[in-house]
Amino acid sequence: MTLGKEEAEVVLRLDRISKRFGALKANNAVSLTLRRGEVVALLGENGAGKTTLMNILFGHYVADEGVVEVFGQPLPPGNPRAALSAGVGMVHQHFTLAGNLTVLDNIRLGTEGLWSPSVSGARAKVEQLSRDFGLAVHPDAKVGRLSVGERQRVEILKALYRNARILILDEPTAVLTPQEAEALFATLRKATALGLSVIFISHKLHEVMAIADRCVVLRHGRVVGEVDTHATDRGALAALMVGGELSLPRAEARAPGAVLMKLDRVSTPDRGAAPGLKAVTLDLRAGQITGLAGVSGNGQAALAEILGGLSVPSSGQIVLGDHPVAGWSPGEALARGVARIPEDRHHQGSIADFDLTENAVLEGYRTRFSHRGWMNWRAAREFAEGIIKGYDVRCPGPETRIRLLSGGNMQKLILGRAMAPGPRVILANQPVRGLDVGAIAYVQSQLIAARDRGATVLLISEDLDEIMGLSDVIHVMSQGRLSPAFARGTMTAAELGLWMAGQRFGEADAA
Ligand SMILES: Nc1ncnc2c1ncn2[C@@H]1O[C@H](COP(=O)(O)OP(=O)(O)OP(=O)(O)O)[C@@H](O)[C@H]1O
Ligand SMILES: [Mg+2]
């Protein structure tokens with residue numbers, strides 16, 4: 001007899017967990033149960049307390065109050081090893097692998113002591129797990145060379161290798177392509193069929209609807225709702241999350257202005273598997289949002305670098321206003337009115353151990369706040385406070401180190417910093433990744449407002465809905481090549497998909 005999921009054994013029980021950081025109540029009497037073979041989605045706004053709760057479960061943080069029970073046994077607080085040996089495996093929002101080690105060594109790292117099986121035994125186990133769970137990755141590959149999707153597979157393998165029965169995935173799809181996300185879901189379905197249980201954190205409600213059995217929604221540290229996925233829909237979940245109705249902004253069409261920035265047959269070298277640009281010509285016009293659609297890894301990174309002045313083309317020209325430009329520092333870019341919202345906010349956008357004030361004045365802003373080599377920290381702090389207020393960055397204050405911010409709040413700070421000086425050219429690379437639905441609406445309305453005051457916005461995104469909803473003109477990038485410009489409303493998603501797959505480029509060449 002098989003049990004329905006409602007009757008299956010409870011594998012995890014969080015009972016009235018509370019956690020304060022100074023004055024901030026990150027978790028407030030949160031209770032949650034997870035059953036065998038079940039996927040529970042944990043939802044909530046940026047800063048709602050999701051990662052904190054999972055850090056308590058995994059023993060990274062100690063709760064002020066409340067109990068964690070795994071398979072009926074209370075977990076000793078603040079002890080990740082105890083959590084691991086009780087069968088809890090965590091795949092972090094930000095990966096924790098060692099790039100210079102191989103996949104196999106990363107998986108073995110920190111696990112194997114005197115009782116360890118031989119390396120060949122470990123390899124056999126990893127290979128078996130790869131097959132059972134559909135996690136293709138080579139055991140001898142250096143982790144530093146792997147794609148983000150592959151690294152995530154290593155993190156999951158590592159948890160499974162340690163015999164995890166409960167997998168915690170904190171925004172696992174935020175950094176994945178849609179295809180990689182599908183592969184991850186196939187793995188999770190295999191895992192639950194084998195009796196594992198999953199806690200899945202995501203802001204993407206269509207994913208939650210596709211993979212979760214049940215959703216628990218947090219707001220300001222409290223549970224505000226719990227629903228069966230079958231009994232709800234995306235709209236209802238979004239409303240639960242933000243506490244009201246919400247609609248995403250749509251940009252109305254406008255007449256474009258003069259070209260503010262231009263690429264003229266720009267090429268860059270290929271870098272390993274990542275294609276460089278192939279004679280890309282692109283006009284970015286005042287009062288226009290240019291959407292760049294495409295699957296990640298097709299040259300978007302090279303394009304963002306070139307436009308942001310971080311690298312120089314091997315051939316072709318970049319023109320800003322009336323002048324050709326070569327490379328520039330982020331500070332010079334800023335001085336010329338070019339703002340970047342980088343894709344990788346951890347490595348390009350911020351310095352983890354700096355506080356919010358210091359991070360707000362990174363990237364060339366220092367010159368704005370210094371005089372004869374003296375930094376005006378009071379002005380810098382006011383600048384940071386303005387961003388915190390304007391962009392609703394949830395944090396104790398500007399002296400907080402940025403690494404303590406929730407993922408979405410970190411992104412909001414970087415966004416606010418880019419938008420603050422009123423740039424003429426805004427390079428927005430995946431600007432709403434990791435943001436909750438309310439924050440997405442806000443950020444998109446900011447991009448539209450910037451366009452309406454005459455800026456040009458380049459929106460690089462994998463999300464076709466976002467591209468089609470906001471862009472005045474759309475290009476598709478595939479294998480380093482740029483499609484012609486398509487005006488708003490002239491293309492269907494299916495047609496853009498054919499360009500994204502590279503198919504239409506060949507036909508255009510043949511014609
Ligand atoms: N170690 C810490 N010190 C101080 N504040 C913290 C710490 N860890 C988390 N916080 C704060 O607790 C709140 C909850 O953060 P948490 O990371 O749990 O949010 P989240 O729901 O995961 O959000 P996101 O969707 O943006 O990832 C945030 O305001 C965050 O800044
Ligand atoms: Mg989080």
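These legends accompany several views of a predicted model.

**Notes for all views.** Residues are numbered from 1 along each chain as its sequence is written, while chains are lettered from A and ligands numbered from 1 in the order in which they are written. Because this model is predicted, local features need pLDDT of at least 70 and side-chain atom pairs count only at pLDDT 80 or more, whereas totals for chains, interfaces and linings use all residues.

**View 1. The shell around ligand 1.** Here 19 residues surround ligand 1, and the closest are N46, T51, T52, S406 and G408 (a residue is near if its C-beta atom, placed from the backbone, lies within 6 Å). By class, the shell has seven nonpolar, ten polar and two charged residues; Ala, Val, Leu, Ile, Met, Phe, Trp, Tyr, Cys and Pro count as nonpolar, Asp, Glu, Lys and Arg as charged, and the others, Gly among them, as polar.

**View 2. Where the shell comes from.** Strand 2 (24-35), helix 1 (50-57) and helix 14 (407-419) each supply at least two shell residues; helices (H or I, at least four residues) and strands (E, at least two) are DSSP runs, numbered from the N terminus. Ligand 1 lies between domain 1 (10-242) and domain 3 (346-420), because both give residues to its shell; the domain bounds come from an automatic or database domain assignment.

View 3. The strands follow the order 12-11-14-15 with antiparallel pairing, where two strands pair if DSSP finds at least two bridges between them. Strand 12 (280-285) and strand 15 (323-325) are the edges, each pairing on one side only.

**View 4. Strands 11 and 14.** Five bridges join strand 11 (residues 259-267) to the antiparallel strand 14 (residues 315-320). Look for L263, whose bridge partner in strand 14 is I318.
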